[in-house]
Amino acid sequence: MSPSSFNFVDAKDKFTASAVQALTGKSIKPLISIFNQIPGNEAEKKTTLDQALRGVLGDLIVEQKARCDDYLALIYLSIDGVTEGICSATTPFVLLGDVLDCLPLDLCDKIFSFVEENVSTWKSNSFYTAGKNYLLRMCNDLLRRLSKSQNTVFCGRIQLFLARLFPLSEKSGLNLQSQFNLDNITVFNKNEQESTLGQKHTEEKEDGMEVEEGEMGEDDGPAPSSIPIDYNLYRKFWTLQDYFRNPVQCYDKFSWMTFLKFSDETLAVFKSYKLDDMQASKRKLEELRASSGEHVYFAKFLTSEKLMDLQLSDSNFRRHILLQYLILFQYLKGQVKFKSSSCVLNDDQAAWIEETTKLVYQLLREIPPDGDKFAAMVEHILNTEENWNAWKNEGCPSFVKERTVDDKPKRLTRKRQAPEDFLGKGPDRKIFMGNDELTRLWNLNHDNMEACKSDSREFMPSLDEFFAEAIEQADPANMVEEEYKVVRNANYGWRALRLLSRRSPHFFQPTNQKFKSLADYLDSMVSKLAKELPKDIPSEEIKTGEEDDDDNGDNLLKDSNDSPSIQSKLVTNQQMDDVAAKLGAQWKNLASHFEMKAAELREIETDSEDVDMQAKLLLVAWQDREGTQATVENLVAALNATGFSQIADGLSEA
C-alpha cells in the first residue's frame, strides 16, 4: 500500500484546532501530538503549522475582543514550538510583526515590553540568526509610526533594545562614512520686512503687560528682557544651525568667515548677559525633582521671533547651543577616515577653535544650576568619543579576540612565594639556611638527595690507597716513632674501621688475639695488608676522606648537577612536542601511570581544549615534578608500561 499523501488543507485545520486547544490549556503538548500524527515530511508540516498559527492570530485580531495577554500567549506557544522543533525559527518574529502592525501605539507599548524582557531568548543560537533581520525591520516600522517629539521614551526604548540585541561591531548600526543628516533644516524668518522684533516692546507695553499684571501674582510676573534683540542677532543666531547641520562647509574660506563673524557675536551676547539662578528657575527645578521624571522634556527648536528673548534666558537652551559648538569643533579637529583631503584647518582656524573651546567651557561653568558639574561631564563624554572615532577609523574591528591554537597557556604569576618554592621544589628552588655559606652549599643542587646518589659522589677509597701511608710507617727501615704514626690518630682509626668493614675479609675473621687499643688492632691489620698488597705502593701522601670532603665537596655537588651524561638524558622540549602529538586524546593513559592527581587533570583540561596541548601540559607537569629524573629513559619506560611501544621506540631512536 502506498503511503498517504500530505493534505495541506486538512493538516492546517487540525493544527488550527490544536493551537486553540493549546492556548486554552497553555501547553504545547496538543500541537506536538497532532504534529506526530499527521503524515508528511518535516518541512511540509512545519510550514503548515506556521500558517495555522498566523491564522489563529488573525482571528484574535479580527474579533477585537482579545487582550495583549492572549497575543503574547500565542507567541510563547510559537517559541515553545521552535524549541520542540515543530515550527520554523522565524515564526515568533512573524507573529510579533503581525501584532505590532495591527495594534494601536498604546498596546504596541505593552507588546514591546515583552520583546525587551526576552532579549536573552532572541540572542540564543536557536533564534538570533533567523530573527535578527525580522526584529530590525519590526523596530524600524515602529519608529516610523512614532513621533520623536511626543513618543520620545518609546523611541529611546527601541534604540536601547537594538543596542542590547546587536553586538557593538554590527555594521548595520554604524555610521561608517560619518555622514550628516542634511535633511534636518532649521526654518526661520529670513525676510527682515516681515520681522516683528522692532514693534515688540511697544506692543507689550500697550496691550500685553497690563492684562498680565492683573492676572499674575506679584512674584510670578515676568522680568523684562535685558538682552537687546534685533533682527540681525535673530538671523545670525539661527543661521549658525546650518553650520552645525553640515560642518563640512566650515572648510570653505567664505563660509568660514561668515561662521566666524556670527559665532563671535553670539558668544559675546552669552558672555555679556549671564544668567542668574532666579526664584523662578529654582521653583521649576524643584517641580522637576518632585515629579520623579514623570514629565519628560524633549528639545525641539522653535524659531519664532517672539520666543527669542525667553530662549536666550533659558539655561537648557544655552547649554544646547554651546554643546553644539563643542561637537562641531571636535569634528573639525579630529581625524576622520572618510574626510576629503581638502578638509584641513589652517593655523589661524586651529588657533581660533582652541580659544573658542576654552570660552565655551567657561560659559558652561557659569550657567546655573550645577554649571561646573555639567561642564566636567561634557568634557569627559567628548574625550571618550575620541576612542570611538579611533575605533571607526580602524574599520570597526571586533572586540572579541579568539585564542589561537599555537598560543601556549601562560602560568599565572604568584603574588607571594609558594610553599613548594620555599622547600626547594618549585621554579625558584632556593632554601635559605640562615648563613650565606650554608645557603650557597645547600643550593648547589636543587635536589641534594639525588646529588648524593650520583656516581660522582663515590668517596670510598681502595685499601691500597688508604693504608699506603700506614704501611710505609710500619716498615722499621723508615724509623717512624709510634706517637707519629697515622694509626694513632682517632679520626684515621674510625675511617679505617669503616673501610675494612666494607672491603677487607680480615675484619670479620674470628681471632683469639686481644688488643689493648684501636691503634694496636690497626697495626695488626696493616701487617696483614702489607703482605697481601703489591710491593710497589708509592710513598706519596694520601689524603683522608674527610679532607676530600672539604676540598672537593663543592665540585662534586656541581658535577652531579652539570654532568653531561645526566644532562644529555633529560627530555627536551622538542621531544615532548613529538610525544604529545602522537599521544593525542590517549594522554590520560599515561597520566594514570604518572599517578597524576584528579585536580591536576582537571586543571590541564581547563587550560586548553586541544588534546595535543593537553598531552604537552601533562608532560610539562611530569617534568616539573621529577626534576633531574625527567630523563628520556624514564619516559621510554613509562610509555612501554602503558602500551605506547611505538612512541617509545621513536623516542629512543631520536
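A salt bridge is counted here when a side-chain nitrogen of Lys or Arg lies within 4 Å of a carboxyl oxygen of Asp or Glu. Glu482, Lys485, Arg488, Asp520 and Asp523 are linked in a network of such salt bridges. The structure is a predicted model, in which local features need pLDDT of at least 70 and side-chain atom pairs count only at pLDDT 80 or more, while totals for chains, interfaces and linings use all residues. Residues are numbered from 1 along each chain as its sequence is written, and side-chain values use heavy atoms, with hydrogens and water left out.

## Overall fold

The protein chain contains 32 helices and zero strands; helices (H or I, at least four residues) and strands (E, at least two) are DSSP runs, numbered from the N terminus. Of the 654 residues in the protein chain, 35% are buried. Buried denotes under 20% relative accessible area, exposed over 50%, and partly exposed the range in between (1.4 Å probe, protein chains only). A contact requires heavy atoms within 4.5 Å. Among contacts in the protein chain with a separation of 6 or more, 71% are accounted for by residues 24 or more positions apart.

## Salt bridges

Side chains of opposite charge can pair when their charged atoms come close. By the rule stated at the outset, the count is 16 salt bridges.

Lys236 is buried, at a relative accessible area of 11%, whereas Glu265 is partly exposed, at 31%.

Asp242 and Arg245 both belong to helix α11; being three residues apart, they are separated by about one helical turn. Asp242 has a relative accessible area of 30% and is therefore partly exposed.

Arg488 is partly exposed at 36% relative accessibility, and Asp520 is partly exposed at 28%. Both residues are members of the network that includes Glu482, Lys485 and Asp523.

## Packing of helices α6 and α8

Two packed helices are described by the angle between their axes and the distance between the axes. The axes of helix α6 (residues 105-117) and helix α8 (residues 128-145) come within 12 Å and cross at roughly 150 degrees. Axes are lines fitted to C-alpha atoms, for helices over the stretch in contact, and angles run from 0 to 180 degrees between N-to-C directions. On the α6 side, the contact is made by Leu105, Cys108, Phe112 and Val115; on the α8 side, by Leu135, Met138, Cys139, Leu142 and Arg145. By class, this contact has eight nonpolar, no polar and one charged residues. Ala, Val, Leu, Ile, Met, Phe, Trp, Tyr, Cys and Pro count as nonpolar, Asp, Glu, Lys and Arg as charged, and the others, Gly among them, as polar.

Phe112 is also in contact with Arg157, as are Asp109, Ser113 and Glu116, when neighbours of Arg157 within four places in sequence are left aside. Arg157 is found in helix α9 (residues 152-165) and is buried, with a relative accessible area of 19%.

## Loop residues

Phe507 occupies the loop between α23 and α24 and is partly exposed at 27% relative accessibility. Apart from neighbours within four places in sequence, Phe507 is in contact with Leu497, Leu500, Ser501, Tyr521 and Met525. The C-alpha atoms of Phe507 and Leu497 are separated by 8.3 Å, the residues being 10 residues apart along the chain.

The peptide bond from Pro368 to Pro369 is cis, with omega near -5 degrees. Pro369 lies in the loop between α16 (347-366) and α17 (371-393).

Two further loop residues concern backbone geometry. Lys26, although not a glycine, has a positive phi of about 50 degrees; Lys26 is in the loop between α1 (8-25) and α2 (29-37) and is exposed at 75% relative accessibility. Glu595, also not a glycine, has a positive phi of about 60 degrees. Glu595 is in the loop between α28 (587-593) and α29 (598-607) and is exposed at 66% relative accessibility.
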